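Reader: I've got this model open on my screen. Could you walk me through the labels you put on it?

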Amino acid sequence: MIYDYIISTGDITLSGCNSSDLGTDTFKKTNVKAGGTAGSFFFDSSLFTGKQEIQLSVNGQNFFQEIPATGQAMNEIVFSINTGDFFIKGQEADLLDRSKFFFASPTSIGFDSSLKYDIVTGGMFAATGDFGQSLKTNIARRYSSPSFTDYDYFLNGQKVYSGVGVGVSVGTEADFIPLFSTAANVAGVVRADNINEFKYAAYKKKPKTTSITGLVADVTGTGFIEGRTNLYLNGIQELQNSYLELFTGVNMIKLGFSAEISGGLPLNGKESSLTL
Amino acid sequence: MSQSGLHYSLNLTFGKTQRLLVHYDFSGMSGRHIGNELDGTLNYGVIENCDPANDTGLYSGVVVGVGDTTVASAKLFTTGTFLNNNKANLETSNLKITGTNSIPLSSCSALFDFEFNSDVTGCVLFGSLEKTSNTINDQVITGAKGYNVGITDRGKLFYQGFNKKGDFIKTVDSVELSKRNVVSFSVGSNNVSFARMDYLNNSIQSETFDVDTSFIAENEEIFLGGSDEYIRTTSGEQISSNISLNSFCLLSGYIPPSATFSLGSGLVGNYFTGITSPATFKEQVTGYKQTIVYQTGVTGYDYDGTGSINISTGRYMRTGNFFGATSVNTGEGDRYFIYRSFDNALSDSGIKSFVKEEVGYLHPSSGYQYSPTGDKSAFDTLGLVGVDGGVTEYAEQVGISGAGTIAVQLYASRMLTGVTSGISGVIQEPLADSIIDRPEVLNSGIRMNVNSINFKKDYIYYLGERL
């Protein structure tokens with residue numbers, strides 16, 4: 001199992017603050033649950049202002065947001081995307097649609113799907129049809145001298161790691177070409193005969209974060225901001241309630257007691273008997 | 001009154017109002033009807049579901065606090081105690097929404113505009129949780145209907161439910177309340193979204209968490225202010241809160257916080273419409289009136305007599321006459337003359353003449369058809385029979401007259417003038433009218449005329465104090 005924690009560390013001088021100047025104003029922009037019903041899910045449109053800032057996880061799988069191309073038809077606006085998995089609408093849509101996810105394939109989302117998202121501003125890039133060259137081309141359009149380690153990489157929505165799904169084909173770390181092939185230093189799954197079945201995505205890593213990737217489940221010895229952590233298990237993002245964030249020295253769990261409450265709430269009890 | 005505002009915001013958000021199931025607007029109740037429900041011998045005031053709810057005949061709210069034996073006293077309690085300062089004071093009575101077993105609690109949304117009367121204490125805002133118990137094979141099976149939404153002593157919204165694992169409570173930790181709050185909750189497919197609308201900063205504080213909604217059953221009663229299952233109460237009629245409701249609405253289906261933000265503005269504010277700038281007018285040519293002009297000219301001629309002229313022919317004319325008719329016997333085939341006079345033709349000029357024609361006498365009984373009777377003589381050859389008959393002979397008188405004169409009538413032509421079919425041109429006459437140069441600019445929307453101090457959240461409102 002590959003455990004990959006992305007931990008917000010905050011500024012070197014402050015931890016837990018919510019400052020736009022320090023790049024730590026992510027209090028409400030990480031691990032945001034998307035509510036919805038009957039296959040329609042909604043996001044909080046007040047969290048961002050850009051057109052492409054949502055890193056969406058659907059049942060753990062990363063969905064890539066694409067800015068849709070729009071066209072006019074009789075009494076309607078036609079939206080279309082190519083590589084992406086979903087898109088959102090802007091001011092041209094009615095109020096309800098402005099906070100709704102629109103998916104490329106209706107079957108990719110179920111009524112009971114679990115959606116969570118982060119707001120990211122560093123940039124997201126997608127490509128397909130080769131072993132990674134075009135992904136580098138897309139990144140280079142925004143960042144002239146990108147570094148391989150500055151990005152998180154996804155293959156068909158599953159996060160891949162250097163040497164485990166993605167690698168560098170040529171160049172140095174500062175002038176790289178990502179490679180998703182089956183080469184020895186990559187250990188990927190993309191071959192010439194199945195190259196069109198894969199889609200690559202790269203997200204610039206969030207500022208003031210640290211990635212800890214390894215085979216050990218528990219991570220200790222590093223500071224973090226509560227609630228602003230992500231966990232990928234074998235490349236699939238986990239819900240935040242599937243792991244604990246504990247502070248050193250605090251005994252949070254008492255062994256031997258059931259975690260479930262049964263038998264109903266105590267009626268007419270004192271207020272202090274139940275902490276809401 | 002938030003009815004007009006809510007109507008506007010519903011149409012703005014959904015394009016229709018059908019999703020609004022329940023709407024209680026507690027302002028301006030003095031001008032509205034207060035219903036009554038008789039339960040046994042006790043009367044209870046009824047707050048009627050009001051516009052723009054889809055069916056105002058359903059989901060009335062019963063003021064369950066104090067029943068009275070007379071309708072008047074129950075109404076007096078409702079208007080004098082429960083409805084206080086245009087708010088429903090849930091410190092005096094809870095409100096029971098009736099007939100709610102048709103409302104799918106697993107897919108609905110609610111909006112509250114409420115404020116704390118004094119200290120912040122835990123209470124139930126929306127109480128539909130009810131435990132059920134069945135004994136099967138000596139095993140007590142506990143089930144539940146609905147859920148509760150309320151406020152903790154710390155002033156946080158909470159969701160209390162029951163699922164296959166038993167009771168649970170989830171608290172909306174990230175949302176801090178103020179004295180007055182517009183909050184919503186929306187239950188969707190296995191999730192619940194809470195939101196507090198911050199209209200001062202035009203922002204939403206929201207939180208969504210997972211809930212197994214397959215275990216949420218409908219309940220025939222929903223209490224505002226209490227619950228059958230709550231830490232401090234044993235029945236929904238029991239008062240749990242010290243808050244006052246300005247308004248409340250319940251809608252069908254999951255509504256995202258961004259939409260409840262829009263709906264909440266209509267719940268709090270009033271709809272307005274007005275003219276930002278009046279229309280300006282100007283005189284402008286609106287078109288042309290075209291008139292076809294036809295050519296005038298000679299349309300024809302008329303002739304008037306101008307007199308006569310006598311024209312001398314310049315030649316002498318032979319004149320004559322025949323007279324003295326005598327009968328002479330003549331034989332068949334003999335020649336004689338037939339006379340005809342020109343008198344009548346030239347009577348006006350006075351010149352007379354005649355003509356004569358020499359013809360042969362034919363047997364009147366022959367039918368003027370002869371066939372040869374032989375070839376010996378001329379008579380046989382011609383078929384003559386040798387009969388006689390009488391013919392008339394005349395004496396002739398001829399002479400020469402002088403040169404003749406002919407009178408000729410003279411005429412002069414006169415042109416007739418008028419309008420011909422030819423077109424000489426078109427007269428274009430511009431038509432002008434006063435038209436709108438710039439139309440009036442209308443504006444409409446929601447105007448919030450409420451005291452903002454209670455909405456402010458630059459403090460922590462805790463235990464009745466600003467910290």
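**Domains, contacts and cores**

Author: Chain B is assigned domain 1 (3-278 + 445-466) and domain 2 (316-402), with bounds taken from an automatic or database domain assignment. This is a predicted model, where local features need pLDDT of at least 70, side-chain atom pairs count only at pLDDT 80 or more, and totals for chains, interfaces and linings use all residues. Residues are numbered from 1 along each chain as its sequence is written, while chains are lettered from A and ligands numbered from 1 in the order in which they are written.

Reader: What is the distance between the C-alpha centres of domain 1 and domain 2 of chain B?

Author: Those centres are 142 Å apart.

Reader: How do you know which residues of chain A are in contact with chain B?

Author: Two residues count if their C-beta atoms, placed from the backbone, lie within 7 Å. By that test, 28 residues of chain A are in contact with 36 residues of chain B. On the chain A side there are twelve nonpolar, ten polar and six charged residues.

Reader: What makes the largest nonpolar core a core?

Author: The term means a set of buried Ala, Val, Leu, Ile, Met, Phe, Trp, Tyr and Cys residues joined through C-beta atoms within 7 Å; buried takes 20 or more other C-beta atoms within 10 Å of a residue's own. The largest such set has 78 residues, and B:Leu125, B:Leu245 and B:Cys249 touch the most other members. Among the residues B:Leu125 touches are B:Phe112, B:Val149 and B:Ile151. A second, separate core has 43 residues, including A:Ile88 and A:Phe180.

How values were computed: Nonpolar A, V, L, I, M, F, W, Y, C, P; charged D, E, K, R; others polar. Buried ≥ 20, exposed ≤ 12 C-beta atoms within 10 Å, placed from the backbone. Lists of a residue's contacts leave out its neighbours within four places in sequence.
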